[in-house]
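Subject: Handing over the structure

Hello,

Here is the structure I promised to pass on. Please open it alongside this note.

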Amino acid sequence: MVLLTRLAKQVYRRSGEELLGMHLRHLVALSYVRDHDACPQHELAEAFCMDANNVVLLLNELEQLGHVTRLRDPSDRRRHLVQLTPKGAKALSRAERAQEAIEDDVLQGLDGEERATLWRLLTRALRGIEPTDGDCAAQAGSPSPLASISR
């Protein structure tokens, strides 16, 4: 698994704000929120392996940019559900296009079939540790570890 860490570092080094149009941590967070619509705020702390206070700071940044909204959970008023806004979806789409160029650079040693296989395997591995789209609200209390993102 050291290879995954080394590969992730290569992606991270190339993923500057000027190229992505946003911080990499914002890209990761917005991608997760898109894939887990209306997920509870505390689930993000588990998913990102971050302290809850740091998640609040991250969400404050994303909310100020107009990329996410936090709404009270109608079934539990103590919880906030996080949703991607249309503006956030557009920004995420632009950043993902830039990220594709970075991935092309990092994965230049693989042909198309190998890249597709790698994508399928990584997607399956993530699905094994993350709740599915419909499970976010239902499984709010269950941890879902993802790659950690640093501030």
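Below is what was found in it, topic by topic.

First, the ground rules. This is a predicted model, in which local features need pLDDT of at least 70 and side-chain atom pairs count only at pLDDT 80 or more, while totals for chains, interfaces and linings use all residues. Residues are numbered from 1 along each chain as its sequence is written, and side-chain values use heavy atoms, with hydrogens and water left out.

**The sheet**

The strands form an open sheet of 3, in the order 1-3-2, with antiparallel pairing. Strands are DSSP runs of E with at least two residues, helices are runs of H or I with at least four, and both are numbered from the N terminus. Two strands pair if DSSP finds at least two bridges between them. Strand 1 (39-40) and strand 2 are at the edges, each with a single partner strand, so one side of each has no neighbour in the sheet. Strand 2 (residues 68-73) and strand 3 (residues 76-84) run antiparallel and are joined by 6 bridges. A hairpin connects strand 2 to strand 3 through 2 residues. Val 68 stands opposite Leu 84 in strand 3. Arg 70 has Val 82 as its bridge partner in strand 3.

**Salt bridges**

The whole structure holds 8 salt bridges. The term means a side-chain nitrogen of Lys or Arg within 4 Å of a carboxyl oxygen of Asp or Glu. One of them joins the side chains of Arg 14 and Asp 105 (2.6 Å, N to O). Arg 14 lies in helix 1 (residues 2-14) and Asp 105 in helix 6 (residues 86-106), so this pair ties together parts that are 91 residues apart in sequence. Arg 14 is partly exposed, at 32% relative accessible area. Asp 105 is partly exposed too, at 33%. Here buried means under 20% relative accessible area, exposed means over 50%, and partly exposed lies in between (1.4 Å probe, protein chains only).

Asp 73 and Arg 79 also meet in a salt bridge (2.3 Å, N to O). Both Asp 73 and Arg 79 are buried. Another salt bridge links Asp 76 and Arg 78 (3.0 Å, N to O). Arg 78 is exposed, with 72% relative accessibility.

Helix 4 (residues 41-48) is mostly covered, with 6 of its 8 residues buried. Those are Gln 41, Glu 43, Leu 44, Ala 45, Ala 47 and Phe 48. Just after helix 4, Cys 49 takes a positive phi of about 55°.

The largest nonpolar core has 27 residues, and among those touching the most other members are Leu 44, Phe 48 and Leu 62. Helix 3 (24-35), helix 4, helix 5 (52-64) and helix 6 each give two or more residues to this core. A nonpolar core is a set of buried Ala, Val, Leu, Ile, Met, Phe, Trp, Tyr and Cys residues joined through side-chain atoms within 4.5 Å. Leaving aside residues up to four places away in sequence, Leu 62 touches His 26, Ala 29, Leu 30, His 67 and Val 68. Contact means heavy atoms within 4.5 Å.

**Helix 7**

Helix 7 (residues 112-129) has 18 residues. Its first and last C-alpha atoms are 26 Å apart, close to the 26 Å expected at 1.5 Å a residue.

Best wishes

Definitions and conventions:
The expected span of a helix is 1.5 Å times one less than its number of residues.
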